[in-house]
Amino acid sequence: MLGLVRITDVSPRDGLQNESGIIPTADKAELVRLVAASGVDEVEVTSFVSPRWVPQLGDAADLLAACAAAKPPGVCYSVLVPNDKGMDGAVAVNAVHAGLIDKISLFTAASETFSRKNTNATIDETLDRFRPVLKRAAAGGLAVRLYVSCAIACPFEGNIAPDRVADVVRRLLSLAAHEDYARDANGGRTFANVEIDLGDTIGAGTEASTRRLLEAVQSLDAWAAFSWCDRPLVLHLHDTFGRAAECVRAALQMGVRSFDGSVAGLGGCPYASTPGHRAPGNIATETLVRAVIDAGFTTRVDPARLAAAAAFARDAVARSRAAQADRDRARA
Ligand code: HMG
Ligand code: MG
């Protein structure tokens with residue numbers, strides 16, 4: 001075996017944010033419980049984003065409260081946070097349920113157009129929003145994930161050059177290394193961990209473009225300040241054209257040891273769907289784990305338990321879509 005690969009399941013967040021209906025909080029909590037019990041290293045539980053922008057995840061605090069009792073030891077729970085207001089939500093949860101949220105995930109993009117559409121902010125402005133959040137994450141000893149969306153292509157701008165992605169990654173690393181919060185008064189490290197997560201938001205990646213992207217990002221000098229971090233580079237693939245597994249294989253060959261997936265392939269980029277055909281979503285965590293094992297690596301995931309989580313996710317989403325279709329018919 002070639003080594004252990006870290007697996008994050010993002011289905012409760014990236015999967016369910018794309019459903020047109022709102023999944024009941026109890027179903028989300030059961031999904032989190034089943035996914036966490038499958039042996040994944042991390043579950044991205046929800047987002048503290050504006051409920052006006054993403055009503056599907058407007059129950060973030062309630063969901064986390066419902067997940068508090070069943071969190072297995074050793075599994076990392078993370079939440080998306082776009083700004084200081086989102087951080088208020090995460091901090092409030094941890095004030096009641098100490099240590100429930102282990103990591104916050106901030107997100108920007110390599111495409112200006114996508115950044116504006118997703119966060120109502122330029123790339124520069126998203127980075128400015130991160131500063132106070134990073135300070136609070138450091139003070140709370142949280143780990144930090146920094147997402148870069150459109151790392152291969154943007155639904156509005158087309159292909160994104162690897163150098164543009166690398167430039168955003170360089171700026172994020174320099175922000176995370178800033179002395180205002182990366183070191184405590186004694187010179188010790190403050191964040192539990194720091195990682196960059198490259199998002200192929202619309203699933204445009206191929207083996208060749210994945211390699212070009214990783215070459216540009218891995219060659220940055222800025223990584224030197226993060227040698228203490230565990231698996232600081234993560235790949236977040238969507239499987240729009242069924243090529244995500246080949247991108248995983250290429251990334252493994254290039255040293256990436258941490259990936260995101262979503263049980264049952266939930267997710268699906270709305271920009272890649274057509275009225276008659278809903279685009280496939282994130283790479284299914286089941287497919288990801290198989291690709292990792294076939295390439296000679298190991299994970300902590302139990303495939304049978306993962307399959308049970310995926311089956312529950314399919315059912316929950318099917319129930320929600322059927323209820324949504326009934327509502328649509330009643331309105332028509
Ligand atoms: P904005 O409208 O510019 O925000 O949105 P604002 O600061 O002007 O505030 C407007 C109102 O929103 C105010 O309320 C704020 O309090 C409230 P009002 O005074 O009008 O009543 N507000 C909030 N409420 C709750 N939580 C918050 C929050 N912030 C402000 N955190 C904002 C800016 C960033 C909030 C908005 O654009 C937003 O929420 N965007 C999130 C979009 C999103 O979640 N996208 C999906 C996640 S990213 C992704 O999927 C990609 C990824 O998977 C990787 C990949 O695949 O590439 C990670
Ligand atoms: Mg995504």
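Rings of Phe, Tyr and Trp (for Trp, the six-membered ring) pair if their centres lie within 6.5 Å; planes under 30 degrees apart count as stacked, over 60 as edge-to-face and the rest as tilted. The model is predicted, so local features need pLDDT of at least 70 and side-chain atom pairs count only at pLDDT 80 or more, while totals for chains, interfaces and linings use all residues. Residues are numbered from 1 along each chain as its sequence is written, chains are lettered from A and ligands numbered from 1 in the order in which they are written, and side-chain values use heavy atoms, with hydrogens and water left out.

**Exercise 1. The aromatic pair**

Find the aromatic pair of the structure and classify its geometry.

Solution. 
- Step 1: the structure holds one aromatic pair. The ring centres of Y181 and F191 are 6.3 Å apart and the planes stand at 65°, so the pair is edge-to-face.
- Step 2: Y181 and F191 both sit in the loop between α7 (162-176) and β8 (194-200), 10 residues apart. Helices (H or I, at least four residues) and strands (E, at least two) are DSSP runs, numbered from the N terminus.
- Step 3: check burial. Buried means under 20% relative accessible area, exposed over 50%, and partly exposed in between (1.4 Å probe, protein chains only). Y181 is buried at 6%, and F191 is buried at 4%.
- Step 4: look at another residue of this loop. A192 is also in the loop between α7 and β8, but with 49% relative accessibility A192 counts as partly exposed.

**Exercise 2. Around ligand 1**

Describe the shell of ligand 1 and its polar contacts with R52, W53 and H236.

Solution. 
- Step 1: a residue is near a molecule or strand if one of its heavy atoms lies within 4 Å of it. There are 26 residues around ligand 1, and N83, N118, N120, S149 and T201 come nearest.
- Step 2: sort the shell, in which nine residues are nonpolar, 12 polar and five charged. Ala, Val, Leu, Ile, Met, Phe, Trp, Tyr, Cys and Pro count as nonpolar, Asp, Glu, Lys and Arg as charged, and the others, Gly among them, as polar.
- Step 3: find the contacts. A polar contact is a pair of N or O atoms within 3.5 Å; within protein, one must be able to donate a hydrogen and the other to accept it, and residues adjacent in sequence count only if both atoms are side-chain atoms. Polar side-chain atoms lie 2.9 Å from a ligand 1 oxygen for R52 and 3.5 Å from a ligand 1 oxygen for W53. For H236, a side-chain N or O atom is 3.1 Å from an oxygen atom of ligand 1.
- Step 4: ligand 1 taken alone exposes 1,100 Å², and the protein buries 73% of that. Accessible areas come from the Shrake-Rupley method with a 1.4 Å probe; for residues, only the protein chains shown count as cover.
- Step 5: two or more shell residues come from each of α1, α4 (84-96), α5 (112-119) and β5 (143-149).
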